[in-house]
Amino acid sequence: MKNSTLLFRSLLVIILLAGGAHLVTYAAQNKDSITTNEVIPDTENTAPNYETDYIVGKWIVNYNSDDYKGAIVYDIKKEGNKFNAYTYEYQDEKGYGEKAEKTKTLTINSFDGYKGKGTYKIEYEGETYDVQCNIDMVDENSFKLSYDYYGYGDVETWKRFKS
């Protein structure tokens with residue numbers, strides 16, 4: 001075999017191998033980007049933080065006032081770098097529940113796994129007020145939410161809801 005024929009065949013094999021490798025790499029990159037976009041459509045989501053994300057889930061608060069006797073179940077979700085609680089279910093004194101309208105009631109702006117600060121919506125005489133509140137974890141299944149708004153304050157105990 002001539003040297004020139006051997007050289008051209010070697011170049012042809014190298015070009016085919018390199019081209020095939022580029023094609024496979026390109027296809028793999030496109031597949032990964034499609035899969036990532038399908039799994040995480042919201043770009044605001046952040047990576048999980050296991051020291052704080054355990055607060056995500058359903059929590060129940062018992063109320064015994066003139067306005068309401070029963071419990072409200074809240075659903076806390078992580079949205080971006082904040083945690084938001086939405087009404088999930090209203091329960092009467094006997095535990096019978098009715099689905100709620102998913103109103104955002106609490107925004108936790110900062111939370112380190114033990115303590116947090118946020119904004120709590122309270123309703124008083126038909127008006128809704130945004131009140132600064134503090135979160136103090138008792139254990140992984142309960143926390144105390146406290147607020148004081150011009151002399152009107154309360155401490156609520158939120159317990160993990162087990163349906």
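Reply: Trp-59 stands opposite Tyr-74 in β2. The model is a predicted one, and this residue pair belongs to the pairing of β1 with β2, where the two strands run antiparallel and are joined by eight bridges. Together β1 and β2 make a hairpin, with four residues between them.

The end of β1 can be described through Asn-64, a residue of that strand, which spans residues 57-64. Is Asn-64 buried or exposed? Asn-64 has a relative accessibility of 67%, and because the cut-off for exposed is over 50%, Asn-64 counts as exposed. The side chain of Asn-64 makes a polar contact of 3.2 Å with the side chain of Lys-69; β2 covers residues 69-79. Asn-64 also lies 9.1 Å from Glu-93, C-alpha to C-alpha, with 29 residues separating the two in sequence.

On from β2, the next pairing is with β3, antiparallel again, over nine bridges. Here Asp-75 stands opposite Tyr-86 in β3. The hairpin of β2 and β3 has two residues between its strands, and Gly-80 in the turn has a positive phi of about 70°.

β3 covers residues 82-91, and Asn-84 is joined by a side-chain polar contact of 3.0 Å to Thr-107. Thr-107 lies in strand β5. With a relative accessible area of 15%, Thr-107 is buried, because the limit for that class is under 20%. Apart from neighbours within four places in sequence, Thr-107 is in contact with Lys-82, Phe-83 and Asn-84, and also with Lys-117, Gly-118 and Thr-119.

The largest share, five residues, comes from β6. By residue class, the lining of the largest pocket divides into ten nonpolar, eight polar and seven charged residues.

Key
Residues are numbered from 1 along each chain as its sequence is written. This is a predicted model: local features need pLDDT of at least 70, side-chain atom pairs count only at pLDDT 80 or more; totals for chains, interfaces and linings use all residues. Side-chain values use heavy atoms; hydrogens and water are left out. Buried means under 20% relative accessible area, exposed over 50%, partly exposed in between (1.4 Å probe, protein chains only). A polar contact is a pair of N or O atoms within 3.5 Å; within protein, one must be able to donate a hydrogen and the other to accept it, and residues adjacent in sequence count only if both atoms are side-chain atoms. Ala, Val, Leu, Ile, Met, Phe, Trp, Tyr, Cys and Pro count as nonpolar, Asp, Glu, Lys and Arg as charged, and the others, Gly among them, as polar. Contact means heavy atoms within 4.5 Å. Two strands pair if DSSP finds at least two bridges between them.
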